[in-house]
Amino acid sequence: MVKPDLVLIATSTGGPEALVEIIPKLNKNLGVPVVVVQHTLEGYSSKLANRLDDISDVNVVETVEHEKLQPGNLF
């Protein structure tokens, strides 16, 4: 079995509602970074990241350019 280096979740319309359902189900000990790509209005991504962080065991952060992806974190 091949272990992935990364989990990527990409969403569009309806994505924030889907992420609220999916992200809390993730195990914080995944062992790989999780990256979410969500098309949002300017200024909304930090609010979404904070909400997801509040409702999940996974550490959710809004990433910045050149940030190193860490296992167990959601960016």
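This is a predicted model: local features need pLDDT of at least 70, side-chain atom pairs count only at pLDDT 80 or more; totals for chains, interfaces and linings use all residues.

Biologist: What is the radius of gyration of the protein chain, and what would a compact globule have?

Modeller: The C-alpha atoms fill a box of roughly 35 × 30 × 20 Å along the principal axes. For 75 residues, a compact globule would have a radius of gyration near 11 Å. The protein chain agrees with this, at 12 Å.

Biologist: How far apart do the centres of the positive and negative side chains lie?

Modeller: The accessible surface comes to about 5400 Å², and 54% of this belongs to carbon and sulfur atoms. The protein chain has 6 positive and 10 negative side chains. The centres of these two sets are separated by 7 Å.

Biologist: Is Leu 8 buried or exposed?

Modeller: Leu 8 is placed in strand β1, which spans residues 7–11. Its relative accessible area is 54%, and the cut-off for the exposed class is over 50%. Leu 8 is therefore exposed.

Biologist: Which residues does Leu 8 touch, not counting those up to four places away in sequence?

Modeller: Lys 68 lies 60 residues from Leu 8 along the chain, and their C-alpha atoms are separated by 15 Å. With residues up to four places away in sequence left out, Leu 8 touches Val 35 and Val 37.

Key: Residues are numbered from 1 along each chain as its sequence is written. Side-chain values use heavy atoms; hydrogens and water are left out. The radius of gyration is taken over C-alpha atoms; the globule rule is 2.2 Å times the number of residues to the power 0.38. Accessible areas come from the Shrake-Rupley method with a 1.4 Å probe; for residues, only the protein chains shown count as cover. Lys and Arg count as positive and Asp and Glu as negative; His and the chain ends are not counted. The place of a charge is taken as NZ of Lys, CZ of Arg, CG of Asp or CD of Glu. Helices (H or I, at least four residues) and strands (E, at least two) are DSSP runs, numbered from the N terminus. Buried means under 20% relative accessible area, exposed over 50%, partly exposed in between (1.4 Å probe, protein chains only). Contact means heavy atoms within 4.5 Å.
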